[in-house]
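Reader: I have just opened this entry and would like to learn how to read it. Could you walk me through it, please?

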Amino acid sequence: MTADKSQYVWKKVHSLMGILPLGMYLCMHLFLNSFVLLGKGSFTDGIALLHRMPYLPVLEWGMIYIPLAIHVVLGIIMIFDARYNTIRYGYSRNWWFWFQRMSAVLVFAFIVWHVYTTRVQLMLGNVEVDGFYELLQAQFQHPLWLAFYIVGISAAALHFGNGIWGFLVSWGVLTSRRSQRAFAGVCIAFGALVLAGFVNVAYHYSSGKSEGGIIPLVEGEAVHASPAQVTTVEILD
Ligand code: HEM
């Protein structure tokens, strides 16, 4: 394979890893953590269910750690390879190109700290699954860690939203200038939605409320139901 061809293939692998396993995981992570809006019991039941899942390590390594390692190594090579010209040419796409790289550095620092203070502590036996709620509440009620969470989730939402745009361009879905311009807004709006979801969870913990966040729950949601309570279905004939 020529150097150009192999660079082309690695670029595709990098963007695929960013969207399929990692972006999908980020959305799943948001949904799982949003259980907290229904109260501590629902969140703890959700995490406990995840930990009872057969083949969990396969999912964690296959969907998070291996794709993340590939994405990070290729991303570092791309950061050092890039030429930055935002000062000379202040086009908005040039700025997004720069934001994408800077947010990558912030997300990486955040993930290392976040995984160390949650998953690694669980592995070391310093926290139990049913102690995660208190652990997160303490983090979100500490001004420094709250600020770090806000930086981390904002950088992750920006990196993911703009990353979807990059993926669609790189895989030849958005080919015309018009479609690329139109879709930039859609992708950023999607990133903003992900950010709003995480901010809602952050607000829940930092406010000390027992249920809910800033965004009101949709009417009809089973606010007090935990998975253990909804397993019985009455059959009427
Ligand atoms: C409001 C914000 C967030 C909260 C409350 C939160 C909460 C948690 C909790 C409770 C765990 C431990 C789960 C377990 O072991 O079962 C965890 C793990 C993790 N989180 Fe987050 N998280 C947040 C944001 C993020 C963001 C933005 C990212 C990615 C950029 C992220 C990436 C991860 C990863 C990679 C793990 C390790 C997963 C595993 O090994 O199973 N988190 N988080």
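Predicted model: local features only at pLDDT ≥ 70, side-chain atom pairs only at ≥ 80, totals over all residues.

Author: Gladly! Let us begin with the largest nonpolar core, which has 24 residues. A nonpolar core is a set of buried Ala, Val, Leu, Ile, Met, Phe, Trp, Tyr and Cys residues joined through C-beta atoms within 7 Å. A residue is buried if 20 or more other C-beta atoms lie within 10 Å of its own, exposed if 12 or fewer, and partly exposed in between, with C-beta atoms placed from the backbone. Here the residues with the most contacts inside the core are Ile-153, Ala-156, Ala-157, Val-194, Phe-198 and Ala-202.

Reader: How many helices and strands does the chain have?

Author: There are seven helices and zero strands, so the order of elements from the N terminus reads α-α-α-α-α-α-α. Of the 237 residues in the chain, 25% are buried.

Reader: What does Ala-156 touch, not counting residues up to four places away in sequence?

Author: Ala-156 touches Leu-26 and Val-107. Two residues are in contact if their C-beta atoms, placed from the backbone, lie within 7 Å. For the chain, residues 24 or more positions apart account for 75% of the contacts with a separation of 6 or more.

Reader: Now the ligand, please. Which of the residues around the ligand come nearest?

Author: A residue is near a molecule if its C-beta atom, placed from the backbone, lies within 6 Å of it. Of the 23 residues around the ligand, Thr-118, Arg-119, Ala-156, Phe-198 and Val-201 come nearest. Ala-156 and Phe-198 also belong to those with the most contacts inside the largest core.

Reader: Where do the residues of this shell come from, and which helix gives the largest share?

Author: α1 (3–33), α2 (40–51), α3 (56–81), α4 (92–123), α5 (132–140), α6 (143–170) and α7 (177–207) each supply at least two residues. The largest share, seven residues, comes from α4. By class, the shell has 16 nonpolar, five polar and two charged residues. In this scheme Ala, Val, Leu, Ile, Met, Phe, Trp, Tyr, Cys and Pro count as nonpolar, Asp, Glu, Lys and Arg as charged, and the others, Gly among them, as polar.

Reader: How do I read the way two helices pack, say α5 and α7?

Author: Look at their axes, which are lines fitted to C-alpha atoms, for helices over the stretch in contact, with angles running from 0 to 180 degrees between N-to-C directions. Angles under 35 degrees count as roughly parallel, over 145 as roughly antiparallel, 65 to 115 as roughly perpendicular and the rest as oblique. The axes of α5 and α7 come within 8 Å and cross at roughly 90°, so α5 and α7 are roughly perpendicular to each other. Leu-136, Gln-137 and Phe-140 in α5 meet Ala-202, Tyr-205 and Ser-206 in α7. This contact has four nonpolar, two polar and no charged residues.

Reader: Is Ile-70 buried or partly exposed?

Author: Ile-70, found in helix α3, is partly exposed because 18 other C-beta atoms lie within 10 Å. Leaving aside neighbours within four places in sequence, Ile-70 is in contact with Val-13 and Met-17. Ile-70 and Met-17 are 53 residues apart in sequence and 7.5 Å apart in space, C-alpha to C-alpha.

Notes:
Residues numbered from 1 in each chain as written. Helix = DSSP H or I, 4+ residues; strand = E, 2+ residues; numbered from the N terminus.
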